[in-house]
Amino acid sequence: MIPFLELRPAYLELKHEIDAAVARVLDSGWYIFGQEVEAFEAEFAAFCEASHCVGVGNGLDALHLALRAMDIGPGDEVIVSSNSYIATLLAVSLVGATPVLVEPDPVTHNLDPSRIEAALTERTQVLLPTHLYGQPADLDPMLDLARQHGLRLLEDAAQAHGARYKGRCIGAHGDAVAWSFYPSKNLGAIGDAGAITTNDPDIAARVRALGNYGSSVRYVNEIKGINSRLDPIQAAILRVKLAHLDDWNRRRGGIADFYSGQLAGTAIELPFVPDWADPVWHLYVVQSDERDSLKDALVARGIQTQIHYPIPPHLQRAYVELGLAEGHFPVAERLANRVLSLPLGPQLEADEAERVAEAVRMSLGDLA
Ligand SMILES: *Cc1c(COP(=O)(O)O)cnc(C)c1O
């Protein structure tokens, strides 16, 4: 059986470095904030070509604290892609604002900039695109819209560590960028972790205070914050993994290129990469009208796949309040019925990728 993704091989590849990093924190006697967190923040900001990085507890908090730092709250509307992961919407709901869904481009799967203007109202405050599957969203038209209409741009980059838009690393195109270091992400911790990057010192300072009880001076609380801090053990591990991120992203790219070569001309639709995009292949997502049969046929051949995501946010019970029935977002709904993610990760071996591609071709042959 080839699993969709295994996390242990990533640890084993860097075991000595990771174990030493963890031991360093244990020995330091310093278990909240401190040197490891500061060093990771500086290194990740440099990697992202951003002036500031603030570590937080997870990706959802990164999004939600960035929105709070922008003073977004009840009565405000935030534009979100109708096929994003639920966390993007939950962050908007957490601050009391309303997520306004806009369809993705059916080919790139990312928020379609040409559909945004029609969704703007006098309450719209933020554009919140997701760089889904490691593919950068088309930011320039969104930056133009933000400028024209006085909106903020917040990017959900939880799946896009190291991705480039028009040659420049994702990290500070918009007002702020939210990151998750959930273990399966391209840059993954060994537990929960997250961060924001920004060129805006004000947003950085506000997120830092908000994640630390609303305090920047000990026992002085300017605002009502929460506790959401990047754990020093996770920071130390992330520093180790950050040094390997470009290499691991290259390996992901190699597998993606291999799949695209092997599966060209078959009955499935392959990922499309615009010429301005340097994706980092968090996921390799194909599309098929017979997705469910294909998934079953692959299981029968020992290949595990996943669906990202089977139910679009507007059809989730958690969002009945939006009152959006099936048929409201046909692009997102069609994607949810057609997408299938093939096994992919930096530690997937070449012979495993060959077996996956072969199994997909044979399964498609059986279904034809
Ligand atoms: C993983 C993810 C998140 C949430 O990150 P957590 O660290 O799990 O809170 C948010 N948005 C997207 C697009 C994600 O993939």
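The questions and answers that follow concern a predicted model.

Q: Why is Ala 176 called buried?
A: Its relative accessible area is 0%. The label applies under 20%, so Ala 176 is buried. The residue is found in strand S8, which covers residues 176–180.

Q: Which residues is Ala 176 in contact with, leaving aside its neighbours within four places in sequence?
A: The partners are Ala 66, Met 70, Leu 153, Leu 154, Glu 155, Thr 197, Thr 198 and Ile 203. Each is listed because heavy atoms lie within 4.5 Å. Ala 66 is itself one of the buried residues of H4.

Q: What makes helix H4 mostly covered?
A: Of the eleven residues in H4 (residues 59–69), nine are buried. They are Gly 59, Asp 61, Ala 62, Leu 63, His 64, Leu 65, Ala 66, Leu 67 and Ala 69.

Q: What makes Asn 58 a cap at the N-terminal end of H4?
A: A side-chain oxygen of Asn 58 lies 3.1 Å from the backbone nitrogen of Leu 60. After the helix comes Asp 71, with a positive phi near 65°.

Q: Which residues are around the ligand?
A: Asn 58, Gly 59, Leu 60, Tyr 85, Ala 87, Thr 130, Asp 156, Ala 158, Gln 159, Ser 180, Tyr 182 and Lys 185 are the residues around it. The list rests on a heavy atom of each lying within 4 Å of the ligand.

Q: What distances separate Leu 60, Gln 159 and Ser 180 from oxygen atoms of the ligand?
A: For Leu 60, a backbone N or O atom lies 2.9 Å from a ligand oxygen. For Gln 159, a polar side-chain atom lies 2.8 Å from one. For Ser 180, the distance from a side-chain N or O atom is 2.6 Å. The limit for a polar contact is 3.5 Å. The protein buries 90% of the 380 Å² that the ligand exposes when taken alone.

Q: Where does the ligand sit?
A: It sits in the largest pocket.

Q: Why is Asn 110 called buried?
A: Asn 110 has a relative accessible area of 3%, and the cut-off is 20%, so the residue is buried. It lies in the loop between strand S3 (98–102) and strand S4 (124–128). Not counting residues up to four places away in sequence, Asn 110 touches Pro 104, Asp 105, Thr 130, His 131, Leu 132, Gln 135, Pro 136 and Ala 137. A polar atom of its side chain lies 2.8 Å from the backbone oxygen of Gln 135.

Q: Why is Pro 141 called partly exposed?
A: The relative accessible area of Pro 141 is 29%. Buried means under 20% and exposed means over 50%, so 29% falls in between. Pro 141 is found in helix H6 (residues 139–149). Leaving aside neighbours within four places in sequence, Pro 141 is in contact with Pro 113 and Tyr 165.

Q: What covers the buried residues of H10?
A: The cover includes strand S11 (284–287), helix H9 (291–300) and strand S12 (339–342). The buried residues of H10 (residues 330–338) are Val 331, Ala 332, Glu 333, Leu 335, Ala 336 and Arg 338.

Methods
Residues numbered from 1 in each chain as written. Predicted model: local features only at pLDDT ≥ 70, side-chain atom pairs only at ≥ 80, totals over all residues. Heavy atoms only, no water. Helix = DSSP H or I, 4+ residues; strand = E, 2+ residues; numbered from the N terminus. Buried < 20%, exposed > 50% of the residue type's maximum accessible area, 1.4 Å probe, protein only. Polar contact = N/O pair within 3.5 Å; in protein donor to acceptor, adjacent residues only side chain to side chain. Areas by Shrake-Rupley, 256 points an atom, 1.4 Å probe, with all protein chains shown as cover. 1 Å grid on protein atoms, 1.4 Å probe; cavity = no way out; pocket = protein on both sides within 12 Å on 5 of 7 lines; lining within 4 Å. Sits in = over half its atoms within 2 Å of the grid points.
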